[in-house]
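Keep the sequence and the model side by side.

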Amino acid sequence: MVAPAAPLAPPEPRGAEPRIRRRGRTLARLVGVLLAFALVFPPLFVAVGPDTTSEPVTLAAPDPHAMYTVYVTDWAYHTSVTIPQAPAWRLGPAGAEGAPYLDYSWGDRAY
């Protein structure tokens, strides 16, 4: 007499594994395209894009024996260093190059 065969496991749903593979391939292609863009675009832009360099600014040397006031402000997400602008300098914002103070800031842009 022949022994009864073991019951078979239920079949896997069709298309389950290929769908996962397709997602993996799609994700790999997306990562490849983004990586290629990140590596190719910046040098290409620099080579073809407009030249935005300007002439270096020549500044008068400050007096090494003078006293200077430096303000450091911290507003949680915004920090800045504010210094008085030397009379010979014109480093203020556009339209107010001769501003009495210069503000070097970093942090929250909305400030």
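Read along the sequence, the protein chain follows the pattern α-β-β-β. That gives one helix and three strands. Helices (H or I, at least four residues) and strands (E, at least two) are DSSP runs, numbered from the N terminus. This is a predicted model, in which local features need pLDDT of at least 70, side-chain atom pairs count only at pLDDT 80 or more, and totals for chains, interfaces and linings use all residues. Residues are numbered from 1 along each chain as its sequence is written, and side-chain values use heavy atoms, with hydrogens and water left out.

Start with the chain totals. Of the 111 residues in the protein chain, 8% are buried. Buried means under 20% relative accessible area, exposed over 50%, and partly exposed in between (1.4 Å probe, protein chains only). The accessible surface of the protein chain is about 10400 Å², by the Shrake-Rupley method with a 1.4 Å probe. Carbon and sulfur atoms hold 66% of that surface. Now take the contacts (heavy atoms within 4.5 Å). Among those in the protein chain with a separation of 6 or more, 34% join residues 24 or more positions apart.

Three strands form an open sheet in the order 1-2-3, with antiparallel pairing. From one strand to the next, the twist averages 15 degrees. Two strands pair if DSSP finds at least two bridges between them. Strand 2 (residues 78-84) and strand 3 run antiparallel, joined by seven bridges. Ile83 stands opposite Leu102 in strand 3.

Now turn to the aromatic rings. The structure holds three aromatic pairs. Rings of Phe, Tyr and Trp (its six-membered ring) pair if their centres lie within 6.5 Å; planes under 30 degrees apart count as stacked, over 60 as edge-to-face and the rest as tilted.

Phe37 and Phe41 are stacked, at 5.0 Å centre to centre and 15 degrees between the planes. Both lie in helix 1 (residues 16-48), four residues apart, about one turn of the helix. Phe41 is partly exposed, at 39% relative accessible area. Ring pairs link Phe37, Phe41 and Phe45 into a cluster.

What ties strand 1 to strand 3? Tyr71 and Tyr101 form an edge-to-face pair, 6.3 Å centre to centre, with 65 degrees between the planes. Tyr71 lies in strand 1 and Tyr101 in strand 3, so this pair ties together parts that are 30 residues apart in sequence. Tyr71 is partly exposed at 42% relative accessibility. Tyr101 is also partly exposed, with a relative accessible area of 43%.

Note on methods:
Axes fitted to C-alpha atoms, helices over the stretch in contact; angles between N-to-C directions.
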